[in-house]
Amino acid sequence: MRRIDVITLFPEWVESLKGLGVTGRAMAQGTISLHCWNPRDFTEDVHRSVDDRPYGGGPGMVMRPEPLARCIEAVLAEDIAAPVSFLGPQGRVLDHDGVSELAGRARLILLCGRYEGVDERVLQTLVDEEWSIGDYVLSGGEPAAAVVMDAVIRQQPGVLGHEESALRDSFVGGRLDCPHYTRPASWRSRDVPEVLLSGDHARIERWRLAEALHRTRQQRPDLLARYPVSEVERAAAKK
Ligand code: SAM
């Protein structure tokens with residue numbers, strides 16, 4: 001991935017990722033370029049209105065189709081073609097496989113809704129897919145876009161600086177990560193497992209694998225059902 005476009009009424013929300021941690025580093029080193037687009041800049045009325053009352057009555061407002069459509073069309077006219085991904089609670093729920101799928105694209109176009117949502121006709125004609133970050137409702141798509149961006153950016157080669165850590169992360173290969181410790185070796189009567197101080201790298205690897213399997217079994221048995229323990233893992237963890 002080299003480019004992310006975010007269509008949002010609150011670009012400040014998303015642009016904060018430019019200065020922070022892993023996402024900030026990826027943008028500073030030029031691995032990813034972030035472009036925010038505000039549908040308000042595509043309005044033609046004096047009030048620059050982006051929302052209107054819902055047909056049929058009821059509470060809240062709905063994002064107007066025309067400014068949004070013009071904004072999406074301007075985004076699509078730039079750079080390489082990419083699907084338009086709407087962030088919404090009714091979409092495919094994001095998980096590790098979904099993040100890997102998005103991370104493999106050359107460009108992401110993320111559309112953030114606000115208010116009661118987006119006029120349905122925009123979703124029908126200009127949106128290719130919908131992604132949810134979970135079964136709950138946010139006030140806007142921006143926090144969801146930030147979640148997608150962070151998860152996708154940390155999967156880009158060279159971004160973490162130590163590639164190994166992304167491979168050990170939870171959900172890679174259907175396993176949770178092993179526990180981590182740092183100094184001091186003894187803290188409030190709790191000691192770091194002796195094996196981690198042994199300097200025996202092969203033993204440490206076996207311990208990590210066994211701990212990862214144990215944690216997965218305890219906390220996410222559903223992952224083991226989907227990604228059964230292989231003979232190689234079973235043997236390695238036993239040694
Ligand atoms: N009335 C909509 C519904 O119940 O399906 C919810 C609208 S919500 C208040 C406003 C916007 O927040 C949505 O258009 C969507 O862009 C975003 N949003 C809310 N929940 C989300 C979720 N779980 N995942 C991704 N985006 C979400």
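Val 99, Leu 102 and Ala 103 of helix α4 are in contact with Val 148, Ala 151 and Val 152 of helix α6, contact being C-beta atoms, placed from the backbone, within 7 Å. The model is a predicted one, in which local features need pLDDT of at least 70, side-chain atom pairs count only at pLDDT 80 or more, and totals for chains, interfaces and linings use all residues. Residues are numbered from 1 along each chain as its sequence is written.

**Helices α4 and α6**
- The contact of α4 with α6 consists of six nonpolar residues, no polar and no charged (Ala, Val, Leu, Ile, Met, Phe, Trp, Tyr, Cys and Pro count as nonpolar, Asp, Glu, Lys and Arg as charged, the others, Gly among them, as polar).
- Helix α4 covers residues 96–103 and helix α6 residues 142–153; their axes come within 9 Å and cross at roughly 75°, which means that α4 is roughly perpendicular to α6 (65 to 115 degrees).
- Axes are lines fitted to C-alpha atoms, for helices over the stretch in contact, with angles from 0 to 180 degrees between N-to-C directions.
- Helices (H or I, at least four residues) and strands (E, at least two) are DSSP runs, numbered from the N terminus.

**Ligand**
- The ligand is surrounded by 20 residues, the closest being Pro 89, Gly 113, Leu 138, Gly 141 and Ala 144 (C-beta atom, placed from the backbone, within 6 Å).
- Strand β5 (residues 84–93) gives the largest share of this shell, four residues.
- By type, the shell holds nine nonpolar, nine polar and two charged residues.

**Domains**
- Domain 1 spans 3–153 and domain 2 spans 170–238 in the domain assignment of the protein chain, an automatic or database one.
- Their C-alpha centres lie 37 Å apart.

Notes. Parallel < 35°, antiparallel > 145°, perpendicular 65-115°, else oblique. Contact = placed C-beta atoms within 7 Å.
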